[in-house]
Amino acid sequence: MTVKRQSREKLSRLKMQAVRLAGLDLSARADNGDLEISRGLWRTMARRGLLGWSIPAAFGGDGARFTCILPAVEAFVGAGGRPGLALSWMVHLIVGKVLIAGAANVNQKKEILPGMAAGKRTVSIALSEPGAGSDPKRIRTTAVKKGRSYVLDGEKAWLTNGPLADLFIVFAVTGERGGRKAFTAFIVPKETPGLTVRQMPALGYLRPSPHCEIQLQGCVLPETAILGPRGRAWEDLSKPFRVAEDVLLSGAILGGLERELRQAARSLQEGKGEIKNDVKERIGGFAALLEAARELARGAAVLLDSGMYPTDVEHRLVSFHLIAKTLKESLRDVTEKPASDRPSGPDATGDEIARLIGLGMHASRARQRKWGGTLLIGKEKS
C-alpha cells in the first residue's frame, strides 16, 4: 500500500470517527451540566481512541498528522455544531503532539504519553494569568531555584480542560535574557502541595469546554519537572502551541461556516417563489470564499507537518482569518434570526463561530503588524 493511499484511508477513518462522535454528542445533550457531559464524552472518546490521534504510535497513539486532524475537526463541527467540545479535544491533541511528544525527555514521554493516548491522563496548559492574559511582559508567576529544586508561586487562569486535568504545564519566569523575561515550563501534578484548583465564572460560550484557575503557593518541584529547554519555554513551547491551536481551530471555523452555508441554502429552498440569479450568485460567492479559506487552512496544516518556519504558517492564518471574517459577516444577513429568536447554549453555532473568528483575528492582527513591518523595512522574503 502506498503512503498516499495510507494517508487517504487514515483521513477517511478519522473523519468517520469525528462524525460518529458528533452524533454521540448530539444524543448526549441533555440537561446534565456541561462538565458532566465533558467527562462522559471524554471517557467515550478515550475508549474509541480519539484522544490518541496525535500521540506517536510508539506510545499507544495513532500518530496522525495535522493534515488528517484538521479535516476531521471540520467534519465534527459541521456535523454536530459544537466548537466548544472541539476546542477541548484539540487542546488535548496539541499538548500531546507539540508539547509532550515534541519537547519532553524520554522519561517524561514514557510517563505521560501512553496515559494521554488512553484517556487516563489529561494535561492542561497553564499560561495565561488574571489581569495579564498571555502577555509575556505582564506574566508574574515565578520559579525560583533552591538547590536542585524550584519553588513556584503565582496564579493562572482560563486553563482549558483544567477541571479534568491531573497534570498542568505551568509557564513561569526563571530569569531574564536580552532584557526580556525568560520562561521555563514545568510539569506540575495536580496533587503537588501548594497547588490549588479553583473554579472560575463560566465563560458563557464554547460549552462544554471546561476551564478553571490554579494558585501556586510555594510549590516545590524537582529539576526533572522541567519541560523542554530551561529559559526558552516561550519561544520553544508557547509560540508553536498557539500556532498549532490556530491551525486546528480553523477546522472548527470551517465546519461551522459550512454548517451555516447549508442552513442558508436550505432556508432559501424552503422559501416561496423562484430563487433569483443574484441570490444564486451570492450563495456561490459564499461557497467560493469558504473553499478559499479551506485551501489556506489545509496549506497551513501541510506546512506545520513539514516543519516549515512558523512565519509561513502564520501568513496563511492571517489570510484565513480575514476571509473567514468576511464570509461570516456576509452570511449573517442570510442566516441569523432576530436576537430574540436565536438559540442559546451549545446549539448556538453561529455565535460560537463568530467568537472563534474573533479570537483568531486578535492573534492575526499581531501577525499582520509583523508582516507589514517586514515589508516596510524591506526584509520580506521573495
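**Briefing: ring cluster, helix crossing and strand pairing**

At 1% relative accessibility, phenylalanine 76 counts as buried (under 20% relative accessible area; exposed is over 50%, partly exposed in between; 1.4 Å probe, protein chains only). The model is predicted: local features need pLDDT of at least 70, side-chain atom pairs count only at pLDDT 80 or more, and totals for chains, interfaces and linings use all residues. Residues are numbered from 1 along each chain as its sequence is written, and side-chain values use heavy atoms, with hydrogens and water left out. Helices (H or I, at least four residues) and strands (E, at least two) are DSSP runs, numbered from the N terminus.

**Aromatic rings**

- The whole structure holds four aromatic pairs (Phe, Tyr and Trp rings, the six-membered one for Trp, with centres within 6.5 Å; planes under 30 degrees apart are stacked, over 60 edge-to-face, the rest tilted).
- One of them is tilted: tryptophan 53 with tryptophan 89, 4.8 Å centre to centre and 50° between the planes.
- Tryptophan 53 sits in the loop between α2 (34–47) and α3, and tryptophan 89 in helix α4 (residues 83–103), so this pair ties together parts 36 residues apart in sequence.
- Both tryptophan 53 and tryptophan 89 are buried.
- Phenylalanine 76 and tryptophan 89 pair edge-to-face, at 5.6 Å centre to centre and 85° between the planes.
- Phenylalanine 76 belongs to helix α3 and tryptophan 89 to helix α4, so that pair ties together parts 13 residues apart in sequence.
- Tryptophan 89 has a relative accessible area of 0%.
- Ring pairs join Trp53, Phe76 and Trp89 into a cluster.

**Helix α3 against α6**

- The axes of α3 (residues 66–80) and α6 (residues 233–270) come within 7 Å and cross at roughly 35° (lines fitted to C-alpha atoms over the stretch in contact; angles from 0 to 180 degrees between N-to-C directions).
- Contact (heavy atoms within 4.5 Å) involves residues including Phe66, Ile69 and Val73 of α3 and Ala244, Leu248 and Arg259 of α6.

**Strand β5**

- Seven of the ten residues of β5 (residues 180–189) are buried, so the strand is largely enclosed by the rest of the structure.
- Strand β4 (residues 167–177) pairs with β5 in the antiparallel sense over ten bridges (pairing takes at least two DSSP bridges).
- Phenylalanine 168 stands opposite valine 188 in β5.
- β4 and β5 form a hairpin with two residues between them, and glycine 178 in the turn has a positive phi of about 60°.
- Strand β8 (residues 226–227) also pairs with β5, antiparallel, over two bridges.
- Alanine 185 has leucine 227 in β8 as its bridge partner.
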